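Below is a walk through one part of a protein model. Please have the sequence and the structure open while reading.

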Amino acid sequence: MSEQNPTAHPAPADASPEEVEAAMAAHSADEIARLQAELAEIKTKSAELADQFLRAKAEAENARRRAEDEVSKARKFGIESFAESLLPVCDSLDAALAIQSATSEQLREGADATRRQLISALERNKVQPIDPAAGDKFDPHLHQAISVVPADQAANTVVAVLQKGYSIADRILRPALVTVTAPN
C-alpha cells in the first residue's frame, strides 16, 4: 500500500520482534514525515495557483470595466469631433443674424460662405452627398424614386433629383429623392 523508502534499513533476519517493530515504526515515521512534507509543498503550490487565479480574474474584470467605460465614452462623446466642426457654421449664422441692415447681396454671400463651411465640416466627418446626374442609372441602394415619368431615355434612369441624399462611410444616411423614367 505505502511506498517503501529506499533509505530505510530493514531489520536483520536474526532481530528480535521488538527490533523489527522498532524498525517498522522508524520506517513509518520517515514515510509520514515525507508525506507531510509533500502535502505541505502541494498546499503551497495550491495557494500560489489560487492567488494567481484570483489576480488574473481581477485583471480580467478590470479590463472588462475599462472596455465598458471606453465604449460608453465613445457613445457619449463620439459625436464631439463632428459637433466641433459645426461650431464655425453656427458662429457664421449668428454673425449674419446680428447684422441689422444687411443687403440681399451680403446675405447671399454670407449664406454661400456658411454653406461652404457646412459642406467642409460634413466632408471632414466623412459625410458625402449622393447627387446623381440626370441620365444616371437608378440605384435603389442610393436613390428613392418619388415618381415615375414617361421619357425617351432608357427605363429606370434618373430624370431629376428632388433632394440630395447623404452617406457616411459606406452607410446611407438618406437616399437621394429622384424622379425616374418609366419602363417602356
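Helix H2 covers residues 80–98, which makes 19 residues; at 1.5 Å a residue the helix should span 27 Å, and its end C-alpha atoms do lie 27 Å apart, so the two values agree. This is a predicted model. Within H2 there is a kink of about 30° at Leu86, shortly before the proline Pro88.

The partner of H2 here is helix H3, residues 104–124. The axes of the two helices come within 9 Å and cross at roughly 180°. An angle over 145 degrees counts as roughly antiparallel, and H2 and H3 are therefore roughly antiparallel to each other.

On the H2 side, the residues that meet H3 are Phe82, Ser85, Leu86, Pro88, Val89, Ser92 and Leu93. They face Thr114, Gln117, Leu118, Ala121, Leu122 and Arg124 in H3. By class, this contact has eight nonpolar, four polar and one charged residues. An α-helix has 3.6 residues a turn, so residues three or four places apart point the same way.

As for confidence, the mean pLDDT of the protein is 89, and 92% of its residues reach 70 or more. Over residues 1–8 the pLDDT is below 50, and this stretch has eight contacts in the model beyond near neighbours in sequence.

Conventions: Residues numbered from 1 in each chain as written. Predicted model: local features only at pLDDT ≥ 70, side-chain atom pairs only at ≥ 80, totals over all residues. Heavy atoms only, no water. Helix = DSSP H or I, 4+ residues; strand = E, 2+ residues; numbered from the N terminus. Expected span 1.5 Å × (residues − 1). Bend = angle between axes of the 7 residues up to and from the residue. pLDDT = per-residue confidence, 0-100. Contact = heavy atoms within 4.5 Å. Axes fitted to C-alpha atoms, helices over the stretch in contact; angles between N-to-C directions. Parallel < 35°, antiparallel > 145°, perpendicular 65-115°, else oblique. Nonpolar A, V, L, I, M, F, W, Y, C, P; charged D, E, K, R; others polar.
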